[in-house]
Amino acid sequence: MPFLQLKNVNKGFGPRDKRTNVLRDINLEIAQGEFVAIVGYSGAGKTTLISLIAGLLQADSGTVKLKDVPITEPGPDRGVVFQNYSLLPWLTVFENIYLAVDQIFPNWVKEKKRAHTEKYIAMVNLTPARDKKPGELSGGMRQRVSVARALAAEPQILLLDEPLGALDALTRATLQDEIVRIWEQEKRTVVLITNDVDEGILLADRIIPLSAGPGATLGPSVAVDIPRPRDRKAINHDPRYKEIRRKVIGYLLGEGGKPKLVISRKLVLPDLIPEDLNVARPPMFARRAPKRRAEEKRETIELG
Amino acid sequence: MDWIKRFRIDTFVFPLIGIGLCVLIWYCISGREISSTVKDDFGDMVTVTKRVGLSEDLPTPAETWAASKPYVIKPFEKRGELDQGMLRFTWLSLKLVAQGYFIALLLGTPIGFCLGLSKTFTKIFDPIIQILRPVSPLAWLPLGMVLFLSAKFTVHIPFAENVTYTASELAAIFTIAICSMWPTVLNTAVGVRAIPQDYINVARVLKLSRSKTLFKVLVPATLPYMFTGFRLSLGIAWLVIVAAEMLTGRPGIGGFLWQQYNALSYAHIILCILTIGIIGYALDRLMSMVEARFKTI
């Protein structure tokens with residue numbers, strides 16, 4: 001029995017008569033303790049997919065099951081790290097995490113809750129910033145708070161929705177290492193959504209491409225059999241790395257790529273007859289300006 | 001040293017130039033007393049004083065100051081029901097405004113939250129709000145008088161004198177409350193609708209209870225909008241007080257203004273206008289300071 005199971009999931013948005021299908025035929029099985037990365041185009045429906053697992057959205061058809069129990073609503077057993085951090089700006093780092101701890105473990109004594117919060121602040125190396133508001137933190141620090149909040153709730157599965165998308169390359173690299181370290185320490189099931197194939201390969205056990213939307217679906221899953229710890233610099237020369245990368249990118253650009261889009265439209269181009277400078281300047285109020293004709297043109301462009 | 005010079009000019013000299021210009025225009029259009037000696041019907045020489053000027057009955061700045069002096073110099077003196085020092089009148093008016101204003105906040109904020117949270121509630125009550133919103137305080141006051149015609153509330157306050165509300169007082173409070181409520185209602189509603197979906201998702205993922213979602217997420221997220229509404233509401237409450245006191249004839253700054261107009265004592269009208277303006281400005285500054293303090297985002 002898989003830990004997390006999505007079976008024939010379809011999801012669309014919009015009113016019934018002109019509904020755009022975002023996800024189609026999603027089948028996914030994730031084992032306990034596995035780190036899975038889902039890579040896809042932006043706008044393909046990656047966030048929709050994670051919202052379905054989180055329970056923030058309901059599938060139109062098909063089932064989403066965690067430990068064989070259908071997911072119908074959001075819950076603390078699935079920790080979500082949102083793309084844009086989603087910290088409450090009026091609370092400090094400590095209070096943001098404590099809010100979650102207080103909610104998930106209401107029966108604990110206050111000291112235990114505080115110690116638990118402190119532990120996770122320390123885990124993401126934010127102890128010096130514990131009493132700062134999110135507005136005073138950098139993007140990377142905010143994302144770490146967001147990760148700490150999700151982890152502090154001790155979820156069974158951690159859903160990371162492009163957690164590093166808005167960060168610069170250097171901060172990104174540091175946080176990637178930190179995510180791996182935390183994952184190895186906590187051994188939780190992780191689903192990472194990203195648009196960066198290299199990030200997926202570096203972090204995950206398994207990488208699954210999501211084809212371009214509308215009607216995106218998951219491509220063949222590729223196991224990342226590179227032993228850990230993975231070295232960011234050395235991995236680039238690993239032949240297995242190149243092979244995995246080729247497979248995933250090959251799917252995304254080929255089979256799962258964007259369908260060819262044909263646009264045909266009528267264009268009206270400004271067709272000007274230039275001003276005749278050979279004629280002497282006419283008296284006042286008479287015009288010697290460029291003349292304009294309209295020209296119609298039909299053009300068909302094929303976007304690949 | 002240079003910045004001190006500029007600071008002085010910017011904050012003190014420039015406003016003074018503006019005020020000086022206004023006083024100058026006031027002086028130019030106001031009337032002056034001119035005394036002349038004329039021969040009357042009996043052939044006697046008599047001294048006749050008459051006022052001349054663009055607006056002959058408008059007192060000059062100097063005359064205004066002379067007439068206002070007792071009210072400004074002794075601001076807390078009470079010589080009669082409608083003859084009291086300026087700050088005493090202000091205090092009476094502010095007391096009334098405060099009562100109406102707090103009723104407006106207590107009613108307006110929850111209504112705003114309901115409007116922001118529920119589409120059905122909005123569909124039911126929005127048309128009524130839009131219809132009632134533009135109604136002038138002058139129109140509400142008579143209705144208030146009718147509503148509270150036979151009402152006479154006595155509030156028992158422990159360890160203090162009982163406070164009795166008369167019909168006119170209740171009508172004034174009612175008018176202030178209903179007129180100043182709308183900015184709070186509408187701003188709160190806009191604020192609730194503007195809460196980012198992310199914050200609501202956080203509450204959903206953590207499964208916060210309804211009351212916790214309200215007080216930990218919704219209220220803090222709406223606070224800046226609410227305070228903008230509170231500030232606008234206070235401005236309107238202070239606007240309404242003059243109309244309410246004029247019509248009810250209650251002692252207060254507006255009542256004093258109306259009484260002095262009827263008594264042909266025009267200098268005091270100007271005094272009242274200036275006082276109302278200054279107090280209104282002070283209240284607005286105060287509220288914007290509170291607003292800055294409660295800025296959560």
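A: What follows is a conversation about the confidence, the sheets, the core and the chain contact of this model.

Q: What are the ipTM and pTM scores of the model?
A: This is a predicted model, and its scores are ipTM 0.73 and pTM 0.76.

Q: And what does chain B average in pLDDT?
A: Chain B averages a pLDDT of 86, with 95% of its residues scoring at least 70. Among the elements of chain B, helix α4 (residues 119-132) has the highest mean pLDDT, 93, while strand β5 (residues 153-155) has the lowest, 73.

Q: Ok, chain A now. Which domains does the assignment give it?
A: The domain assignment of chain A gives domain 1 (4-253) and domain 2 (261-303), and the C-alpha centres of these two domains of chain A lie 54 Å apart.

Q: Let's do sheets. What is the strand order in the open sheet of 6 strands?
A: In chain A the order is β6-β7-β8-β3-β9-β10, and the pairing in this open sheet is mixed. The edge strands are β6 and β10 (222-223) of chain A, each of which pairs on one side only.

Q: How do the strands pair, going across from β6(A)?
A: Strand β6 (residues 78-81) of chain A runs parallel to β7(A) and is joined to it by 4 bridges, with A:G79 standing opposite A:L158. β7(A) then pairs in the parallel sense with strand β8 (residues 189-194) of chain A over 5 bridges, and there A:D161 has A:I193 as its bridge partner.

Q: And how many bridges join β3(A) to β8(A)?
A: There are 5 bridges between β3(A) and β8(A), which run parallel, and A:A37 stands opposite A:L192 in this pairing. β3(A) is also joined to β9(A) by 5 bridges, again running parallel, with A:V36 opposite A:R206. The antiparallel pairing is found between strand β9 (residues 206-210) of chain A and β10(A), which share 2 bridges, and A:I207 faces A:V222 there.

Q: Is β7(A) buried or exposed?
A: Strand β7 (residues 157-161) of chain A is mostly covered, since 5 of its 5 residues are buried. Both faces are covered, with A:I157, A:L159 and A:D161 on one side and A:L158 and A:L160 on the other.

Q: What about β3(A), how many of its residues are buried?
A: In strand β3 (residues 35-40) of chain A, 6 of 6 residues are buried. A:F35, A:A37 and A:V39 point one way from β3(A), whereas A:V36, A:I38 and A:G40 point the other way.

Q: Switching to the core: which residues touch the most other members?
A: The largest nonpolar core has 136 residues, and those touching the most other members are A:I53, A:A148, A:V191, A:I207 and B:I176. Helix α8 (residues 210-248) of chain B gives the most to this core, with 16 residues.

Q: What does A:V191 touch?
A: Leaving out residues up to four places away in sequence, A:V191 touches A:I30, A:V36, A:I38, A:I50, A:I53, A:I157, A:L159 and A:L160.

Q: And where do the two chains meet, how many residues from each?
A: The contact takes 15 residues from chain A and 14 residues from chain B. On the chain A side, helix α2 (residues 93-104) of chain A gives the largest share, 3 residues, and the residues of that side divide into 11 nonpolar, 4 polar and no charged.

Q: Last one, A:K113. Why does A:K113 count as partly exposed?
A: A:K113 counts as partly exposed because it has 18 C-beta neighbours inside 10 Å, and a buried residue would need 20 or more. A:K113 is found in helix α3 (residues 110-123) of chain A, and it touches A:Y98, A:V101, A:D102, A:F105 and A:W108, not counting residues up to four places away in sequence.

Note on methods: Residues are numbered from 1 along each chain as its sequence is written. Chains are lettered from A and ligands numbered from 1 in the order in which they are written. This is a predicted model: local features need pLDDT of at least 70, side-chain atom pairs count only at pLDDT 80 or more; totals for chains, interfaces and linings use all residues. pLDDT is the predictor's confidence in each residue, from 0 to 100. A nonpolar core is a set of buried Ala, Val, Leu, Ile, Met, Phe, Trp, Tyr and Cys residues joined through C-beta atoms within 7 Å. A residue is buried if 20 or more other C-beta atoms lie within 10 Å of its own, exposed if 12 or fewer, and partly exposed in between; C-beta atoms are placed from the backbone. Two residues are in contact if their C-beta atoms, placed from the backbone, lie within 7 Å. Ala, Val, Leu, Ile, Met, Phe, Trp, Tyr, Cys and Pro count as nonpolar, Asp, Glu, Lys and Arg as charged, and the others, Gly among them, as polar. Domain bounds come from an automatic or database domain assignment. Two strands pair if DSSP finds at least two bridges between them.
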